[in-house]
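Please keep the sequence and the structure in view while reading.

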Amino acid sequence: MDSKKVHIKSFGCQMNKLDTALVSTSLEQAGFSITENVKDADVVLINTCSVREHAEQRVISHIGHLKHIKESKPDMIVGIIGCMAQRLGDKLLEHKTVNIVCGPAQIPQIAALITQAQEQKKNELAVTEHIRKAVEENENQALEDFESAYSNEDERNPAQAFVRIMRGCNNFCTYCIVPYVRGPEVSRPPETILEQIRKLADNGVKQVTLLGQTVNSYQYKKDSKVWSLADLLLAVNDINGIEWIKFVTNYPAEEYFEDIMHAMADSPKVCKYLHMPAQSGSDRILKAMNRKYTAAGYLELLDKARSIVPGIAIAGDFIVGFPDETEEDFQDTVKLVQKAQYRNAFIFKYSPRPGTTSEKRLEDTIPDEVKQRRNVELLSVQEKISEELSKEYSGKEVKILVEGLSKKPHLNSSEGGNNPQLIGRTETDYIVVFNGPVSLAGKYAWVKITKSSPLTLFGELI
Ligand code: 5AD
Ligand code: SF4
């Protein structure tokens, strides 16, 4: 019998991309095959995101699209996995198209859930009942086993892999759904993480990105030693074959910060890139968000980072239009962005998430037009800064990890001779577009930068 074909569509963050990769690997091991074409699929899985309402709306409209496909293929199984599955649970099964609902902690069961749904022709629901209860040892072990079996199946970029070092979050920023869908913070044992990275390196991986909601609060007690992210970075630095180490995302906190920055300065493999969301530049709003720092304290951390790691590239996230954000609060955010000199900032409009503290206690007072205007204004402030910073690369030679063919054409054909356009990334996370042979994919290369835009550099292969 032919193996059953599974199509997986993924929404959301890098954590979700990693879950999608883990699910693909485990399904292939269980005898399924993965297809890029939804029309060929016997099973369609949607890996979902709940962080903003818009992300959820896209999933719902995708379910509508699958409904049409299913009309001509009634046996097709549709599974919703990830954050939205945990948040909405059996409500998702009210959509007649949906057969399986599987939360982030239950993904190790996905192959079994698909088989049961196919054989018994009934719906399957697997989510955590009390999401904030301490994670049960057997569930934790199942996730560990599932995670450690991962050996990088990302054909599009075989030289790079994500490795989760912690799950969940305990910060409870008032706007955020993550603690309610990903559960309490749990750091993974360092020996398992290191063993996994050694295996990835043996399989040809050269860059690892360590993932966690607040990766800098990583803490694992083993014998008499407490491992921090700094210890982990130093240990990964010693693994043969790994050339670049990145880590995301950081919470602005004093604890371990200097140690982590020193680990970056002292370990040649740790990329000089720090993603550390500020969310707002107004102390009043930061307090209402339950972020545990002030704008001045945040900027001090950036100064510290820059003094320990000269040349460090810093990126941030912001939410505009949080409840009761006045024009003055917003201008404080603009000022913070001007002072922070980010290489890049991600800006989002506040979206109330059901069950979070801000949604329950604060009215969503800022009209969408105002959120939109603040979003555009902040983006344009940041764009000027990004443009200035990227200009500094002009004429410089940079090392990049080549990812592969560029999806859209960026360069004129006269600029590139006969070679196709490739994209790669610098250690500071700039995309670099250049012409070169496809055989460079997955390898490091040096490029001389000839042109820049705010977020992308263009150059010639050296
Ligand atoms: N509304 C808008 N943006 C949000 N983020 C998290 N929750 C919300 C929300 N309810 C943003 C934060 C975070 C990024 C991943 O998403 O800026 O850093
Ligand atoms: Fe959400 Fe705050 Fe945790 Fe980040 S630190 S995942 S914003 S609760």
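**Surroundings of the ligands**

A residue is near a molecule if one of its heavy atoms lies within 4 Å of it. By this criterion, the residues around ligand 1 are Val51, Arg52, Tyr175, Gln279, Asp317, Ile319, Phe348, Lys349, Tyr350, Ser351 and Arg353. Ligand 2 has among its surrounding residues Cys169, Cys173, Cys176, Tyr175 and Arg291. The shell around ligand 2 divides into 8 nonpolar, 3 polar and 1 charged residues; Ala, Val, Leu, Ile, Met, Phe, Trp, Tyr, Cys and Pro count as nonpolar, Asp, Glu, Lys and Arg as charged, and the others, Gly among them, as polar.

**Basis of the model**

This is a predicted model, in which local features need pLDDT of at least 70, side-chain atom pairs count only at pLDDT 80 or more, and totals for chains, interfaces and linings use all residues. Residues are numbered from 1 along each chain as its sequence is written, chains are lettered from A and ligands numbered from 1 in the order in which they are written, and side-chain values use heavy atoms, with hydrogens and water left out.

**Polar atoms at ligand 1**

An oxygen atom of ligand 1 lies 2.6 Å from an N or O atom in the side chain of Asp317. For the side chain of Gln279, the distance from one of its N or O atoms to an oxygen atom of ligand 1 is 2.7 Å. A nitrogen atom of ligand 1 is 3.0 Å from a polar backbone atom of Tyr175. On its own, ligand 1 has 400 Å² of accessible area (Shrake-Rupley method, 1.4 Å probe), and the protein covers 86% of this area.

**Domain 2 and domain 4**

An automatic or database domain assignment supplies the domain bounds. Domain 2 spans 151-271 and domain 4 spans 397-461; their centres, taken over C-alpha atoms, are 27 Å apart. In contact (heavy atoms within 4.5 Å) are 11 residues of domain 2 and 12 residues of domain 4.

Between them the two domains bury about 920 Å², 53% of it on carbon and sulfur atoms; buried area is the accessible area (1.4 Å probe) that two parts lose on being put together, summed over both. Asn157, Trp244 and Lys246 supply 50% of the area that domain 2 buries against domain 4. There are 2 salt bridges between these domains, a salt bridge being a side-chain nitrogen of Lys or Arg within 4 Å of a carboxyl oxygen of Asp or Glu.

Note on methods: A polar contact is a pair of N or O atoms within 3.5 Å; within protein, one must be able to donate a hydrogen and the other to accept it, and residues adjacent in sequence count only if both atoms are side-chain atoms.
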